[in-house]
Structures are given as C-alpha cells and as structure tokens.
Amino acid sequence: MASYNGSAFISEQIESILADIGEHDELVVVDDASTDGTAGIVAGITDPRVRLIRSPENRRYVRTFNAAAELARGEYIFFADQDDLWIPGRTERLIRSLEVRAVVAGNVALFGGPPDPAPWSLRSQDSSHRVRNLIGTLVGYRPYYGCAMGFRRDFAAVVLPMPRYLYESHDLWLSIVANLAGEMSHVESPAVLYRRLHDANETPRGWRGPKQILRARIMLLRCVITASARLRSRRRAETGR
C-alpha cells in the first residue's frame, strides 16, 4: 500500500485487507511523507502483519508503490490503494488465477453502488488476447486498476523496479509487461469497492489536454520497449543463450 494524507479512509481499508489475508501474510504500508495523521494511524494498528515504512520525502505514488512491492516478502504481491475496500474472498480468488498465470487483474465495483462490476469491466475471455489488451492499454480503453491487480514473486524481476521515467500509471506498466509475456489473467468478479473521486484521490479530474495525452502515450510506448527488453533478458537467462 502506498499511503499519503489518507487519514479519512485508511483505517477502514486496512481493516478490510487484514480480514481477507492469512495469518502468515503481511501488509506493507509505505507512507509517502504524509502531512496529516496517516502514518500515526497505521503505526497505531497493533496487528503484527502490518509493516509501516515512513519515506523521508514525498516521492509520489509510483515510486512509493515500487518501494512497497520491493519490500514485500510473500509469494504473491498485490497493490492496495489507501481509500478503497477489499471485497471478502478477493485474495483467494486472485491467487487461484496467479497459480496459472503470473499477473492477475480483477474488476472494481463502485463504492456506494451495486456490488456488480462496473460497466467498463474486464472480461475473462479476453485474458489471452495479448495484442488487443496491449493496444487497449496504450489507447486507454482496457480498464486495468492497480488496486485490483497482483503478480507472482517469480515475475517480480520483470516488473521491478518500475522504470524511472514512469511518473504515473503503475497499473498500466504491469499490464504491458503481463500482456507482452502472455501472463495476464482477467478475473471478472470485483476485487475492490473503488472510491472513484474525492479530494485526496490521485485520479485525474476532467479531460486532459492534447499535450498531456501525448506525453502519457509516449511514456507508455517507452514502457513497451523497456518491458520487451526485460522479457528478452529473462528468456536468455532461462535458456542460457
């Protein structure tokens, strides 16, 4: 979990996570130099499964998620936002998919709405459509949400560290790597209750300008190049060539 000034929602989110993971699992929270009481709230939780790391400076959410994932010690690594709620049973459902493929992406249900997947949700039958999923990621119509995604430990060397030029969309980086590798699995049932917009949310509000869109697309194309190079290196290491 990457936390920053999330005191309004983080206790409820942590409670939902701890209720869904096992006794030998952990929740790694990297606080991105919050200026409110967020870090203190996390520090006050007595459950030994919670590990709090305080960043000495604000690094923004991509670097913070990267730090949390690198500190994780489990076989399965899931991203968690500070303001959502995990739906009971999601961990078990996502792990079942991770036993088959290295990366999983679940859907989200909107907080306060019906418990059904949002209208733009992923479909399980599209899991193996590598090119279509990759194009959808680059164009922006494949709804990959980091808060509903995870990956296996044996795939971490490809995912981490995230590229230094990646200033947003850690979830799209993960989807690019997974689809290029043919290791993506879509789970249709919602994994989280998603708080779409509030004052502390990182989700952009309104439409972006042409320059912002172009900059983001160039960044994602660079991700494709970086991910392809890492996957080639991985194949060479596995085959000894």
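Ser-169 is buried, with a relative accessible area of 15% (buried means under 20% relative accessible area, exposed over 50% and partly exposed in between, with a 1.4 Å probe and protein chains only). Ser-169 has a positive phi of about 65° although it is not a glycine. This is a predicted model, in which local features need pLDDT of at least 70 and side-chain atom pairs count only at pLDDT 80 or more, while totals for chains, interfaces and linings use all residues. Residues are numbered from 1 along each chain as its sequence is written, and side-chain values use heavy atoms, with hydrogens and water left out.

**Backbone features**

- Ser-169 is placed in the loop between helix 6 and helix 7; helices (H or I, at least four residues) and strands (E, at least two) are DSSP runs, numbered from the N terminus.
- Arg-60, in helix 3, has a positive phi of about 70° although it is not a glycine.
- Arg-60 is partly exposed, at a relative accessible area of 46%.

**Nonpolar cores**

- The largest nonpolar core has 38 residues, of which Val-103, Phe-151, Phe-155, Trp-173 and Ile-176 touch the most other members; such a core is a set of buried Ala, Val, Leu, Ile, Met, Phe, Trp, Tyr and Cys residues joined through side-chain atoms within 4.5 Å.
- At least two residues of this core come from each of helix 3 (60–71), strand 6 (103–110), helix 5, strand 7 (149–152), helix 6 (156–159), helix 7 (170–181) and helix 8.
- Helix 7 gives the most to this core, with seven residues.
- Another core, of 24 residues, lies apart from it and includes Leu-18, Val-42, Leu-94 and Ala-148.
- Beyond its neighbours within four places in sequence, Trp-173 is in contact (heavy atoms within 4.5 Å) with residues including Val-158, Met-162, Leu-166, Cys-223 and Arg-230.

**Packing of helix 5 and helix 8**

- Helix 5 (residues 130–139) packs against helix 8 (residues 210–239) at an angle of about 150°, with the axes 9 Å apart; axes are lines fitted to C-alpha atoms, for helices over the stretch in contact, and angles run from 0 to 180 degrees between N-to-C directions.
- Helix 5 contributes Leu-134, Thr-137, Leu-138 and Val-139 to the contact, and helix 8 contributes Arg-217, Leu-220, Leu-221 and Val-224.

**Arg-96**

- Arg-96 is located in helix 4 (residues 90–98) and is partly exposed, with a relative accessible area of 46%.
- The C-alpha atoms of Arg-96 and Gln-212 are separated by 38 Å, the two residues being 116 residues apart along the chain.
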